[in-house]
Amino acid sequence: SLLVWAYASLGHDPGEKVWAVLDDAVCRRLFDYKPQNISNTLWAWATLGHVPGPKMCVSLESVRLGQETQSGDERTNNSIKETEVAAQKSVHIMRAMSLLMQPTLRNFTPQAMANSLWAFAVLQHDPGLKFLKHFDRQVL
């Protein structure tokens, strides 16, 4: 997420080949992302006008979750992520971002929440009514 953020901060569009590599890296690491990583990535994509292509992130069956060093809350969040995302089998990267954000929104700073929602709007991604209602509750 830092490299994508850095390109956006410089206002530099790295081109199709680099985007393909970066999008693939985001898909591979997505389930390890903390709220700030998600927010930074979404902000960077929106800032540069990059809409990830048809790349589909793999299901959680091939993503390692549940490290022994995690707290109970993190394990619970991972269980939610695993259930929701695995049910999707293979999901578009933007949908995966939405699904991962929902159970962890309480960990987002107000700035990260605003940047993420702004990015969804700019990239014309509808995160879904369930996500938006959950987002509304976090604002309150």
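In the predicted model described here, D32 is partly exposed, with a relative accessible area of 39%, where buried denotes a value under 20%, exposed a value over 50%, and partly exposed anything in between (1.4 Å probe, protein chains only). The model is a predicted one, in which local features require a pLDDT of at least 70 and side-chain atom pairs are counted only at pLDDT 80 or more, whereas totals for chains, interfaces and linings use all residues. Residues are numbered from 1 along each chain as its sequence is written, and side-chain values rest on heavy atoms, with hydrogens and water left out.

D32 takes part in a salt bridge with R29, in which the closest N and O atoms are 3.6 Å apart, a salt bridge being defined by a side-chain nitrogen of Lys or Arg within 4 Å of a carboxyl oxygen of Asp or Glu. R29 is itself partly exposed, at a relative accessible area of 47%. The structure holds 2 salt bridges, and another pairing is that of D24 with R28, whose side chains meet at 3.1 Å, N to O. Both D24 and R28 belong to helix α2 (residues 16-29), where a separation of 4 residues corresponds to about one turn of the helix; helices (H or I, at least four residues) and strands (E, at least two) are taken as DSSP runs and numbered from the N terminus. D24 is partly exposed, with a relative accessible area of 26%, while R28 is exposed, at 54%.

At the level of the whole protein, 7 helices and 2 strands are present, and their order along the sequence follows the pattern α-α-α-β-α-β-α-α-α. Of the 140 residues, 44% count as buried. Among contacts (heavy atoms within 4.5 Å) between residues at least 6 apart in sequence, 75% join residues at least 24 apart.

Helix α6 (residues 110-122) comprises 13 residues and reaches 18 Å from its first C-alpha to its last, close to the 18 Å expected at 1.5 Å a residue, the expected span being 1.5 Å times one less than the number of residues. Within α6, the residues A112, M113, N115, S116, A119 and F120 are buried. These residues lie on the same side of α6, because they cover an arc of only 165° around the axis, as given by the directions from the helix axis to the C-beta atoms. On the other side of α6, P110, Q111 and A121 are exposed. The buried residues of α6 pack against α3 (35-48), α5 and α7 (129-139).

Helix α5 (residues 93-101) contains S98, which counts as buried at 1% relative accessibility. Apart from its neighbours within four places in sequence, S98 is in contact with F120, H125, P127 and F131. The side chains of S98 and H125 are joined by a polar contact of 2.8 Å, a term that covers a pair of N or O atoms within 3.5 Å; within protein, one must be able to donate a hydrogen and the other to accept it, and residues adjacent in sequence count only if both atoms are side-chain atoms.

Q124 is placed in the loop between α6 and α7. Although Q124 is not a glycine, it has a positive phi of about 55°, and at 73% relative accessibility Q124 counts as exposed.
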